[in-house]
Amino acid sequence: METIIKNAVMLFVVLTLCTGAAYPLAVTVVSQQLFPVQANGSLLEKNGQVAGSMELAQDFTSDRYFHCRPSAAGDGGYDAANSAASNLGPTSRQLIDRVAQDTVRYRVYNGLSADAVVPADAVTASGSGLDPDISLKNAQLQANRVAAARGMSREMVLAVLAACSEHPVLGILGEDKVNVLRLNLALDQK
Amino acid sequence: MIKDIVLYLLWFSIVVFAAKFFGSYLYRVFEKEGTWLDPVLCPIEKIIYRFSGISPQQDMSWKRYAGSLVVFQIVGLLVVFFIELWQAGLPLNPAKETAIPWDLALNTAVSFITNTNWQAYGGESTMSYFTQMAALGVQNFLSAATGMAVAIVLMRGIAWHSKHTVGNYWVDMVRGTLWILLPISCVFALLFVQQGVLQNFSPYVTAATLDGGTQTIAMGPVASQEAIKLLGTNGGGFFNANSAHPFENPTALTNLWQVFLIFLLPVSLLFMFGRMVKDARQGYTIMAAMSVLFFIFLGGIYFNESSGNPYLAALGISGPTALEGQEVRFGLGGSSLFSAVTTAASCGAVNSMLDSYMPLSGMIAMLQIMLGEVVFGGVGAGFYGMLVFVVLTVFIVGLMVGRTPEYLGKKIEPYEMKMVVIAVLLPALAILFGSGLATCTATGVDALHNQGPHGLSEILYAYSSAAGNNGSAFAGLNANTLFYNLTLAAAMLVGRFGVIIPVLALAGSLVEKKSAPDSSGTFQTHGAIFAALLCCIVLLVGALTFFPALALGPIAEHFVLQLQTILY
């Protein structure tokens, strides 16, 4: 018994050093050399200040920007230090009411008819609350409003959208989508 | 749809192809037949043994093996527990996380030593970098290595004969960690970083967003944790949102790698088993049974998710109406695949929130756990879990044809059957007893996030996940209460050691037996008939045990949803 305890404690110490110290430190050193941008969160800098991460959703509220999906992360949504989903089940009144309200608001906000079909991603909260992407359909429906707010033509906004869109690799891997932050940055640079 | 099916088949072929290669690698590692990493690792291995006072040549009886295993887990439990309690004063805590309350710390410590990785906390708002790395990350390796060691002991029990020892626990742990888990994790951690997963020790960043707001962005050494989280079928996310978080799982490609890593070792172990018993067909047969079950379950989840939520469809919403809790970059295909894989294996990482899944897809996820996670299953745990069902099948067939049951030349006698029955019943008991207790106490019910049948599903899922050592959740349930922290910790312990110890005893008994040669009356344990029987036994045991509970939860909710009469 005594030997077992001694073996266990000593082995635990060594294996902790290998897997809990040497391994993460080695991965950090190598990845900071090879992929410094990604390893540090793909941060976007604007005028010398961090303006967000290209990987994460942020809260866009004004008319001139495309909006991200609804978020349940943190109290006000889009909290990148408190990722979370709504966790509402399919028969939850809270879920159905929220989606119904958001659907009406989305139609009014984007100048759509009262029976216009709304893409699911525009009114459902994502798993992380930080989903950086929206579907192309969702973006197209927002294009009129964004174009009007910017005094740009709809065609020009759609052209920027097309340039930022991503499609499945080889037709099988991935989805048709656009990264909202990248899209909004591209518009700002026009 | 066709796109997703093509992707599934392609992915599964890659898993099997890679596992064939790794299966023979695993065999060489544990049989010490020499691998290309030996020149680097053998000297390190020697130093480790000398430092720890271990004599690697000394094989252990099953009892000594089990004793060493338990003592090692207790050391791990204490270390994780105290690091959590004291994390405020320990280094690498830029976000100034405070000490963890004792009940949550205990629940988390049990959770990580049992390979469950149930998380009653949000990672980025609770755990310091030090705790994540030196406490939780370490257990991701050690609990996976332990599972693998137990699986290999069972293989030895079957393959060896007339012996009294089953191997050396310390050696199995060191070899599993150094030769298998660490190298694969290193490679995939770097691949993950390339795709956008974090790996730094920076303090949280405050950003001034484009639209005039501010956003605090959590940082940390994520990629190193991510790789082993999946490879070791642990599933404990660095962030609260787990693999749904773009910093853990940024692209469709990383999503595919993640599900690949979850299945890699469980499938490899089947190939290794074939080599150990010198009959590859034995491994293939079990693999065939698992594959059939897996594709049935995957298809079920995919179908139910694509059918969507009729309540939402009625509001004039197009596209996948079950998208609540899912991410656009994974879509229906990537989300369904991940959920099927993570609950088939006892991983428990999630890339979409199961609480918001359609009732029957949530049920399939839960059912896979209830069946004992024998559809490929966790690293090692899936293999020995399924072998328990194999022995059960052999026994039942033996009764039907009226012969003494045998498996690969070993007679199955009352002692073996006792161990098998304990290993099958204890986790089931923990699930049903725990859920029953929670539903009839106020503290249990107060924690619910959803009402109606879905509320029962939240409770059932929690105890299934704990007893099955899965770790995924219907995460709406507020499980960070004294009641849930303690009862779920108990369920995790029962689900882990209530299976491991009978399995070691089974191996210890089998290894002592002589190997009888096949006779004309021996029931063959390879081929389609046996695979089909095995599937039936697994489903039958699960259905008989859990159908009543499932009928009151997800099945009832399914009808509520289809009839669209009530909302909760």
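Helices (H or I, at least four residues) and strands (E, at least two) are taken as DSSP runs and are numbered from the N terminus. In this predicted model, local features need pLDDT of at least 70 and side-chain atom pairs count only at pLDDT 80 or more, while totals for chains, interfaces and linings use all residues. Residues are numbered from 1 along each chain as its sequence is written, chains are lettered from A and ligands numbered from 1 in the order in which they are written, and side-chain values use heavy atoms, with hydrogens and water left out.

Chain A contains seven helices and five strands, arranged along the sequence in the pattern α-α-β-β-α-β-α-β-α-α-β-α. The domain assignment, whose bounds come from an automatic or database source, divides chain A into domain 1 (1-35) and domain 2 (41-189). A distance of 42 Å separates the C-alpha centres of domain 1 and domain 2 of chain A. The radius of gyration of chain A is 22 Å, whereas a compact globule of 190 residues would have a value near 16 Å; the radius is taken over C-alpha atoms, and the globule rule is 2.2 Å times the number of residues to the power 0.38. Along the principal axes, the C-alpha atoms of chain A fill a box of roughly 80 × 45 × 35 Å. Of the 190 residues in chain A, 58% are buried, where buried means under 20% relative accessible area, exposed means over 50%, and partly exposed lies in between (1.4 Å probe, protein chains only). Among the contacts in chain A with a separation of 6 or more, 56% are accounted for by residues 24 or more positions apart, a contact being defined by heavy atoms within 4.5 Å.

In chain B, the packing of two helices was examined. Two packed helices are described by the angle between their axes and the distance between the axes. The axes of helix H3 (residues 62-85) of chain B and helix H7 (residues 169-195) of chain B come within 9 Å and cross at roughly 55 degrees, which makes H3(B) oblique to H7(B). Axes here are lines fitted to C-alpha atoms, for helices over the stretch in contact, and angles run from 0 to 180 degrees between N-to-C directions; angles under 35 degrees count as roughly parallel, over 145 as roughly antiparallel, 65 to 115 as roughly perpendicular and the rest as oblique. On the side of H3(B), the contact is made by Tyr65(B), Ser68(B), Leu69(B), Phe72(B) and Gln73(B), and on the side of H7(B) by Tyr169(B), Trp170(B), Asp172(B) and Met173(B). By class, the contact of H3(B) with H7(B) comprises six nonpolar, two polar and one charged residues (Ala, Val, Leu, Ile, Met, Phe, Trp, Tyr, Cys and Pro count as nonpolar, Asp, Glu, Lys and Arg as charged, and the others, Gly among them, as polar).

Helix H8 (residues 222-231) of chain B is largely enclosed by the rest of the structure, because 10 of its 10 residues are buried. The buried residues of H8(B) include Gln225(B), Glu226(B) and Lys229(B). Their cover includes helix H1 (2-34) of chain A, together with helix H6 (129-159), H7, helix H9 (252-276) and helix H12 (331-344) of chain B. H8(B) is followed by Thr233(B), whose phi is positive, near 45 degrees. Thr233(B) is in turn one of the residues touched by Pro266(B), alongside Phe376(B), Gly377(B), Gly378(B) and Val379(B), when residues up to four places away in sequence are not counted. Pro266(B) has its place in helix H9 of chain B and counts as buried at 3% relative accessibility. Pro266(B) and Ala344(B), 78 residues apart in sequence, are 11 Å apart in space, C-alpha to C-alpha.

Further buried positions occur in other helices of chain B. Thr108(B), in helix H4 (residues 102-113) of chain B, counts as buried at 0% relative accessibility and, not counting residues up to four places away in sequence, touches Glu84(B), Tyr121(B), Met127(B) and Leu136(B). Ser464(B), in helix H17 (residues 453-467) of chain B, counts as buried at 0% relative accessibility, and touches Met366(B), Ile369(B), Met370(B) and Ile431(B), again not counting residues up to four places away in sequence.

Most residues other than glycine have a negative phi. Asn117(B), in the loop between H4 and helix H5 (123-126) of chain B, has a positive phi near 60 degrees and is buried, with a relative accessible area of 0%. Lys278(B), in the loop between H9 and helix H10 (280-307) of chain B, has a positive phi of about 55 degrees although it is not a glycine, and counts as exposed at 72% relative accessibility.
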